[in-house]
Each structure stands twice: as C-alpha cells, then as structure tokens.
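Subject: Structure for you to look at

Dear colleague,

I am passing on the structure we spoke about, together with some notes on one of its helices. Please open it alongside this message.

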Amino acid sequence: MRVLAIGDVVGQAGCEFLRAKLPRLKAEYKADLVIVNGENSAEGNGILPHSAKMIYDCGADVITTGNHGLRRREINEVMDRGEGLLRPANYHPSAHGQGWYIHDAMSWKACVINLQGSVYLDTYENPFACVDRILAQVETPVILVDLHGEATSEKEAMGYYLDGRVSAVFGTHTHVQTADEQILPNGTAYISDIGMCGPFYSVLGVDPELAIRRLSTNLPTRFENAQGPCALGGVMIDIDEKTGRAREIIRIQAR
Ligand SMILES: [Fe+2]
Ligand SMILES: [Fe+2]
C-alpha cells in the first residue's frame, strides 16, 4: 500500500494549493492513504473546522497537527469526534482530541501516530515513552509516525528508536524539506522533515518583511502569511501491508 504524507498546510493559500495539487498527486502515486499536517491551515494559524474540512475535501484521510493544533478553540469539538483529526499524543490527558488513529481500509489497517518533539517545544510526556505506550496497544503492522519537532537530532534518534517497529517516521514543523529520505536498516522509512504546503517566497509561510522585522528588532510583530506562488512538500511511502516494512520513500516537491 502507498501513503502520501504532505507537510504543514499554511493558510487559505496553502489549502487552495493543496486542492490544486493533491488529487493529481494521489492519482500519480496511486496513494491508498493520505496524511496531511494541518496545524497552520487556518488564517492566523492553528486549524479551524472549515480549514480541516477543506483538507479532507482535497482528499486527506487523516490530518495531523502539532504545537499549533489546539490554538483555536473552535476546533476542539472536531478533535473530540475521533475521526482522524489528531493532535500530538504526548499532550496532557486533559487535552481535547486524540494522538493516534486507526484508518481501516478493510483489506488493511494503518495506524497514524502524531507526536511532538520535546527539544525546544513544550510537551507533557516524553515522545519516546509515549510512542512505546501506544505501540503496546497497536495490532496492525502498518504504522506511520508524524514527529512534529524542531531538532533533527531528536527526529533521527526517533527514526532509529522505531526502526523495524513502525513503517515510517516523518518529521514536520520546520516547514523546510530535508533531503535525507531513506529506508533505515530494519525497514522503516525515514525523513527529518517533509516540508510545507504554502507560500514559496516566505519564511516558513510568513511574509519575509514581517519575519525580518521581528528578528532584527525583537519587537512584537503580528505575522501574516506571504502572498505569491505556493509550493507543496511531502513524501510517498510504499509499504508492504503484511509486514509493515517500507519498500520505498520518494520525496515530493510540487511548485
Ligand atoms: Fe507548522
Ligand atoms: Fe509546528
């Protein structure tokens, strides 16, 4: 079975670009399962019910998020439905929503786990301990982990920690795609970051002028997303659904 994973969708422009690109990518790669990170899909950041709906309408089966996932309280009710909109699993137990989800396609089942890194990000539970706790409950061999994190070291360590125990570990959050896609020695597909879907001429999606102003003056600056053409980053992962081992990982950049 083939999985498409798409990086953080940024704003309305990112949602519209996803709508323009995802159906064709899905057909081109014959994807059976589509995972999209939607943590920045609402204008003004976070995810709202209408941006989640737009991502589902583009063809996503599961939406992951990250440190901005619970920023907008309007999304809490959708998170609580348990229909495949995830927030990181290693949040406090009182957080709205769930951190992992089983997608049932009848002939196979895939488990998607959303984790947040603990380096430079506030997490409640250590992601390594958290994923062990979840894996003890999961029965399908097909398991995909979106590790939403800042540090490549933590992501690589998680890749090796889960090598042979899950089908894929892919990073999100930095919005910059890394060129280190690989199959680890025991059959887990790995990439440190799959990138984003949003404005190309930007600082992680934000208008460069505003990012420069904040970083050069240290004064409070309201961020707005950049205008102009978009790009989409992601990966296709081919998995043997019987063993859960990855056969191939291909990096995708659509402009
Ligand atoms: Fe993001
Ligand atoms: Fe993030």
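What follows concerns helix α2 and its surroundings.

Please keep in mind that this is a predicted model. Helix α2 spans residues 49-58, and its buried residues are S51, A52, M54, I55 and C58. Viewed down the axis of α2, these buried residues fall within an arc of 160°, so they line one face of the helix. The face turned away from that buried side carries the exposed residues K53 and D57. As for its partners, the buried residues of α2 pack against β2 (8-9), α1 (11-28), β3 (33-37), β4 (62-64) and α3 (76-79). Just after the helix, G59 takes a positive phi of about 125°.

On the α1 side the contact is made by C15, L18, R19 and L22, and on the α2 side by S51, M54, I55 and C58. By type, the residues of this contact divide into six nonpolar, one polar and one charged.

Finally, the largest nonpolar core holds 66 residues, of which L18, I35, I55, V112, V145 and I237 touch the most other members. Strand β12 (residues 230-239) gives the most to this core, with seven residues. Leaving aside residues up to four places away in sequence, I55 touches V9, C15, L18, V36, G38, S41, A60 and I63.

Best regards

Note on methods
Residues are numbered from 1 along each chain as its sequence is written. Chains are lettered from A and ligands numbered from 1 in the order in which they are written. This is a predicted model: local features need pLDDT of at least 70, side-chain atom pairs count only at pLDDT 80 or more; totals for chains, interfaces and linings use all residues. A residue is buried if 20 or more other C-beta atoms lie within 10 Å of its own, exposed if 12 or fewer, and partly exposed in between; C-beta atoms are placed from the backbone. Helices (H or I, at least four residues) and strands (E, at least two) are DSSP runs, numbered from the N terminus. The arc is that of the directions from the helix axis to the C-beta atoms. Two residues are in contact if their C-beta atoms, placed from the backbone, lie within 7 Å. Ala, Val, Leu, Ile, Met, Phe, Trp, Tyr, Cys and Pro count as nonpolar, Asp, Glu, Lys and Arg as charged, and the others, Gly among them, as polar. A nonpolar core is a set of buried Ala, Val, Leu, Ile, Met, Phe, Trp, Tyr and Cys residues joined through C-beta atoms within 7 Å.
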